[in-house]
Amino acid sequence: MLDGRRNLRLVDTDRDAMRIAGKFNAQLMDFIRPYVKAGITTGELDRLIHEYTLDHGHVPACLGYHGFPKSSCTSVNEVICHGIPGSYVLKDGDIVNVDVTSIVDGWHGDQSETFLIGDVSDEARAVTQCAFDAMHAAISAISPDCSVATIGRAVIAEAKKHGYGVVEEYVGHALGRRFHQEPSIPHVPTRATQSVFLPAGVCFTIEPMINLGTHETVLDRRDGWTVRTKDNKLSAQFEHTILMTEEGPEILTLTQNGPQKGHQF
């Protein structure tokens with residue numbers, strides 16, 4: 001049991017189903033990768049993601065989720081997460097997080113990457129590197145039956161090296177047949193997460209959001225979704241879906257063409 005909740009451990013057939021979902025989601029990320037460049041609108045990226053998902057017989061999980069209007073999230077520059085694709089044209093110097101989630105035969109694959117558009121500033125490159133390194137530091141730190149707080153400790157340690165803020169309000173999550181389920185996966189250690197554990201068979205995301213400045217956030221009340229940094233400084237994020245196995249964490253959303261552990265931006 002997880003913190004007294006329903007047991008969410010996946011049996012072997014469920015694990016294989018999640019592997020298939022993660023593999024397709026990674027394939028989707030590799031598909032959209034060459035299109036993420038200056039001159040394209042975030043809405044066009046979303047259209048391509050939507051059509052590719054449907055053409056392969058799968059379902060974009062974001063579309064209609066609690067009323068979300070698009071099939072992906074595109075979060076540009078100071079937008080931390082849940083950016084709604086639209087008319088914004090990516091330009092040289094931007095950073096953009098593309099977050100895609102697919103439902104494959106009822107199971108969810110979920111991941112995101114931050115892309116550097118053209119010639120970016122040193123600050124943009126550095127905060128993106130930190131978000132990537134923090135995600136992999138957390139993955140490397142965990143093991144079967146470790147506490148969820150292990151993830152937060154690893155992320156905070158990486159961010160502190162640079163004096164960056166770690167978003168607290170928006171967290172990772174367990175997933176499977178449902179998009180979001182318990183346990184929540186904060187990227188800062190808390191008293192509560194010290195007593196929540198990750199046994200073999202649990203599937204969850206690690207998705208630290210790293211801010212160049214303050215960790216504080218502001219929700220756009222006009223659309224009810226877009227989350228920005230309170231100081232309007234840059235934010236970057238990376239996300240993988242992780243299956244905890246008896247041997248340790250298995251990344252289910254590894255891409256063929258994207259950055260791998262140790263990559264330097």
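## Salt bridges

K161 counts as exposed, with 61% relative accessibility (exposed is over 50% relative accessible area, buried is under 20%, and partly exposed is in between, using a 1.4 Å probe and protein chains only). Its side chain meets that of E158 in a salt bridge, 3.2 Å from N to O (a salt bridge puts a side-chain nitrogen of Lys or Arg within 4 Å of a carboxyl oxygen of Asp or Glu). E158 is buried, at 11% relative accessible area. A quick word on the source: this is a predicted model, where local features need pLDDT of at least 70, side-chain atom pairs count only at pLDDT 80 or more, and totals for chains, interfaces and linings use all residues. Residues are numbered from 1 along each chain as its sequence is written, and side-chain values use heavy atoms, leaving out hydrogens and water.

The whole structure has 13 salt bridges. Another of them joins D94 and K91, at 3.3 Å from N to O.

## A pair within helix α2

E51 and R47 make a salt bridge too, and their closest N and O atoms are 2.8 Å apart. Both sit in helix α2 (residues 42-55), four residues apart, or about one turn of the helix. Helices here are DSSP runs of H or I with at least four residues, strands are runs of E with at least two, and both are numbered from the N terminus. Both partners are partly exposed: E51 has 36% relative accessibility, and R47 has a relative accessible area of 35%.

β11 pairs with strand β16 (residues 240-245) in the antiparallel sense, over four bridges (pairing takes at least two DSSP bridges between the strands). Opposite I206 in that pairing is H240 of β16.

What about disulfides, meaning two cysteine sulfur atoms within 2.5 Å? A search of the whole structure turns up zero. For C81, the nearest cysteine sulfur belongs to C73 and is 7.8 Å away. For C130, the nearest is that of C81, 17 Å away. Both cysteines are buried: C81 has 4% relative accessibility, and C130 has 1%.

Note on methods:
A disulfide is a pair of cysteine sulfur atoms within 2.5 Å.
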